[in-house]
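Subject: Model handover

Hello,

The structure we discussed is below.

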Amino acid sequence: MNNFNTTTIKSLSEFTTQLETRIGDRYKILLFRGQPMDQPLIPKIARHLYKKSREIDERRMLQEFSVSSVQYLNYKPTSDLERLTIAQHHGLPTRLLDWTENALTALYFAVSTPSEKVNQAVVWVMTVPRDSDILINNQDEKKDFFKEDKLRLFKPASIIPRISSQLGWFTLHPFKGQGFYTQAEKINYEGIKLSKILIENGCEKSIKENLEVCGINRHSIFKDLDSLGEYVFKKFEK
């Protein structure tokens with residue numbers, strides 16, 4: 001595994017201080033991913049066991065979802081990437097992994113899920129040159145992205161409000177055979193850098209409370225009625 005620049009923080013102020021050392025280069029894309037535990041950067045499809053090859057199951061699940069979801073959609077997806085984006089948004093395991101341009105959103109995801117854990121919560125930071133060849137700039141309707149042999153990165157079209165509100169991006173992880181998908185932290189592509197900001201155990205609650213004061217909460221991130229109901233209830237819960 002690669003060695004990453006790793007720091008540990010105890011507070012929101014320490015987190016923002018770490019951000020100041022990473023911003024400022026307008027020629028690079030800066031993305032963040034928050035995780036409640038420091039685990040590999042693999043998509044949801046890679047964390048589940050199926051009776052057959054994950055890739056076969058993945059294609060079959062996406063096909064069935066795409067056919068059956070038409071009646072519920074106001075927008076008709078026109079490419080594999082759009083179909084994968086919609087499926088990912090609605091809970092189907094895919095080869096996509098979520099990232100965001102908003103560092104505080106990533107931090108919220110890292111500290112918002114209480115759990116009894118040994119591993120620390122973490123915010124991954126990825127910097128990508130704007131001319132990197134891992135970027136998918138042309139989301140070709142006819143291209144079969146299941147045949148990609150290299151990890152790719154793209155910003156989805158604004159077909160789902162929640163993704164837009166989260167300033168979302170996705171990495172697309174190729175299937176490597178024998179049930180495995182590419183782990184983002186194991187790539188070694190020119191110009192791509194990964195670093196980790198770990199959250200010291202026991203500090204998650206206070207960081208989450210300070211995020212709330214700054215207006216970062218479930219409703220501000222998800223912007224729907226379900227998140228509003230939960231936010232209001234939690235706000236008045238004793």
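Leu104, Leu107, Tyr108 and Val111 of α4 touch Glu204, Ile207, Lys208 and Leu211 of α6, where contact means heavy atoms within 4.5 Å. By class, this contact has 6 nonpolar, no polar and 2 charged residues; Ala, Val, Leu, Ile, Met, Phe, Trp, Tyr, Cys and Pro count as nonpolar, Asp, Glu, Lys and Arg as charged, and the others, Gly among them, as polar. Helices (H or I, at least four residues) and strands (E, at least two) are DSSP runs, numbered from the N terminus.

This is a predicted model, in which local features need pLDDT of at least 70 and side-chain atom pairs count only at pLDDT 80 or more, while totals for chains, interfaces and linings use all residues. Residues are numbered from 1 along each chain as its sequence is written, and side-chain values use heavy atoms, with hydrogens and water left out.

The axes of α4 and α6 (residues 204–213) come within 9 Å and cross at roughly 140 degrees. Axes are lines fitted to C-alpha atoms, for helices over the stretch in contact, and angles run from 0 to 180 degrees between N-to-C directions. α4 is therefore oblique to α6; angles under 35 degrees count as roughly parallel, over 145 as roughly antiparallel, 65 to 115 as roughly perpendicular and the rest as oblique. The crossing of α4 with α6 is left-handed, meaning that the near helix is turned anticlockwise from the far one by less than a right angle (right-handed if clockwise).

α4 also packs with α1 (residues 12–20): their axes come within 11 Å, at roughly 135 degrees. That crossing is right-handed. Leu12, Phe15 and Leu19 of α1 meet Ala103, Leu104 and Leu107 of α4, a contact of 6 nonpolar, no polar and no charged residues.

α2 (residues 54–68) and α3 have axes 10 Å apart, at an angle of about 85 degrees, so they are roughly perpendicular to each other. Glu58, Leu62, Phe65 and Ser66 of α2 contact Arg83, Leu84, Ile86 and Ala87 of α3.

The largest pocket has a volume of about 900 Å³. A pocket is an open set of points on a 1 Å grid over the protein atoms alone, where a 1.4 Å probe fits, with protein on both sides within 12 Å along at least five of seven lines; lining residues have an atom within 4 Å of a point. Grid points are joined across faces, edges and corners, and the volume is the space filled by probe spheres set on them. Of its 31 lining residues, Arg33, Gly34, Gln88, Asp98 and Phe109 are the closest to the centre. β3 gives the largest share of the lining, 5 residues.

Regards
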